[in-house]
Structure formats: C-alpha cells, structure tokens
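User: Hi! Could you walk me through how some helices pack in this model?

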Amino acid sequence: MKSAIWMSSLMLAAAGGWLAATMFPPSATAREPRFPQLTMDQLSDAQKPLGEQVMKISSVGLGGPYNPIMRSPVLGQRLFDLFHYLRWETSVPTKLNEFAILIIGRQWRSQVEWFAHAPLAAKAGLSADIIAELKANKRPSGMAEDEAVVYDFVTELTTTQKVSDETYARAKKIFSDQQIVDLTGVAGNYVMVAMMLAMAEETTPPGKEPPFKVGEK
C-alpha cells in the first residue's frame with residue numbers, strides 16, 4: 001500500500017515537473033533587452049532624421065551605441081555631430097585615431113567598439129600584430145614612435161587620470177596643440193560610447209562572434 005502511494009506521488013511529481021516545463025519553458029523567463037533593437041520603420045518623426053544620417057555611415061546600422069541614443073534624439077544628434085568630427089574631420093591621422101579608439105575599446109572590453117573599429121584600424125594601416133597584441137591586453141611591441149606616444153598618452157590619461165610631463169613632452173614633439181586636444185577628445189568620447197554600450201548591454205550584431213570571450217582578461 002505504501003509502495004503504491006509512493007509511486008503515485010512520484011508520478012504526480014513527474015507530471016507536475018513536465019507541466020511546469022511545458023507551460024513555463026526557460027525561454028519564457030529569459031531577460032528582455034534593455035533597449036529592444038529599433039528599425040527605421042519604428043522611428044518617430046523626431047528620430048527619423050538622425051536615423052537616416054546614421055544609416056549612411058554606421059557599420060552596425062541602428063545597432064551599437066545608436067540604438068540607445070536614438071531614445072534621446074536631441075542628445076543623439078549632438079553626439080552624432082561629435083562622432084562625425086572625431087571620425088572624419090579630426091586633426092589626428094586616421095590610423096592613430098582608430099588606434100586610440102581601440103585602446104579604449106580594449107580597456108572596456110567593449111564588444112561593439114572592437115568589432116566596429118578593429119577592421120577600420122587595419123584598413124587605416126595599423127599593423128595586424130599591434131591589433132593582436134592590444135587585443136591580448138599587452139602593450140604592443142614594434143610600435144612606431146607616434147603609435148607608442150598615442151598608446152602611452154591615452155593609457156596614462158585613462159588609467160591614472162593624468163599625463164606625465166615626460167609623456168606630454170613626447171607628444172609635443174610629434175603632435176600640434178590641436179592634435180593633442182583632439183586625441184584627448186576622441187579618447188574621452190569613446191569612454192562615453194563604451195559606457196553607453198555597457199549600460200544598454202549592446203553586443204555584436206546577430207550571428208557575429210563577440211571579440212572578447214567570457215573568462216578572458
């Protein structure tokens with residue numbers, strides 16, 4: 001009798017577990033994205049002008065930082081204008097500008113920043129060895145003088161909150177005042193972009209491998 005009752009209880013428990021699994025599958029409790037990905041068709045009249053500008057230049061479409069900042073279109077437009085200067089009109093040579101962006105992307109382990117800018121840095125002439133060593137969280141070897149100055153300047157500024165007299169003197173030998181200011185601006189800007197991406201939990205486009213794997217330093 002006790003055996004029959006025990007078997008009945010076991011069957012009921014198993015049935016209950018199956019019912020819970022079918023009615024409440026794991027996917028039903030998966031976290032929703034903090035900012036569901038917008039499409040052009042979803043944009044409001046206030047957002048569409050910015051969206052159209054973004055689609056002309058962005059390698060990730062409305063993804064990456066554009067997905068969250070689209071929620072604040074006035075701020076988004078101001079940031080887009082800043083991005084435009086720091087990408088296309090800055091006084092810093094493109095190779096060095098992209099190197100600075102990658103340094104920030106590596107510090108933050110920003111999947112989107114690295115995914116978007118590593119190919120741009122390579123296209124601009126930054127060597128594959130420098131990119132690989134930076135990705136491995138090493139100070140790249142074999143850097144040219146201007147590359148080494150960019151690495152040390154940006155790294156010191158963002159990790160110690162200052163630039164030593166020695167590093168500043170090295171920068172002054174290579175860069176103009178405007179270039180030093182623009183280099184500082186691009187570093188600070190992409191810290192802000194990395195913060196926006198981290199807050200919004202944005203990652204690489206669907207089907208694309210994230211550059212930084214879980215557990216890597």
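Predicted model: local features only at pLDDT ≥ 70, side-chain atom pairs only at ≥ 80, totals over all residues.

User: What is the handedness of the crossing of α8 and α9?

Analyst: Residues are numbered from 1 along each chain as its sequence is written, and side-chain values use heavy atoms, without hydrogens and water. A crossing counts as left-handed if the near helix is turned anticlockwise from the far one by less than a right angle, and as right-handed if clockwise. For α8 and α9, the crossing is left-handed.

User: How many nonpolar residues does the contact of α8 with α9 have?

Analyst: Contact means heavy atoms within 4.5 Å. On the α8 side it is made by E145, D146, A148, V149, D152, F153 and E156, and on the α9 side by T167, Y168, R170, A171 and I174. Counting Ala, Val, Leu, Ile, Met, Phe, Trp, Tyr, Cys and Pro as nonpolar, Asp, Glu, Lys and Arg as charged, and the others, Gly among them, as polar, there are 5 charged residues, 1 polar and, as the number you asked for, 6 nonpolar.

User: How are α4 and α10 oriented to each other?

Analyst: Helix α4 (residues 73–89) and helix α10 (residues 177–200) pack at about 135°, their axes 10 Å apart. Angles under 35 degrees count as roughly parallel, over 145 as roughly antiparallel, 65 to 115 as roughly perpendicular and the rest as oblique. α4 and α10 are therefore oblique.

Note on methods
Helix = DSSP H or I, 4+ residues; strand = E, 2+ residues; numbered from the N terminus. Axes fitted to C-alpha atoms, helices over the stretch in contact; angles between N-to-C directions.
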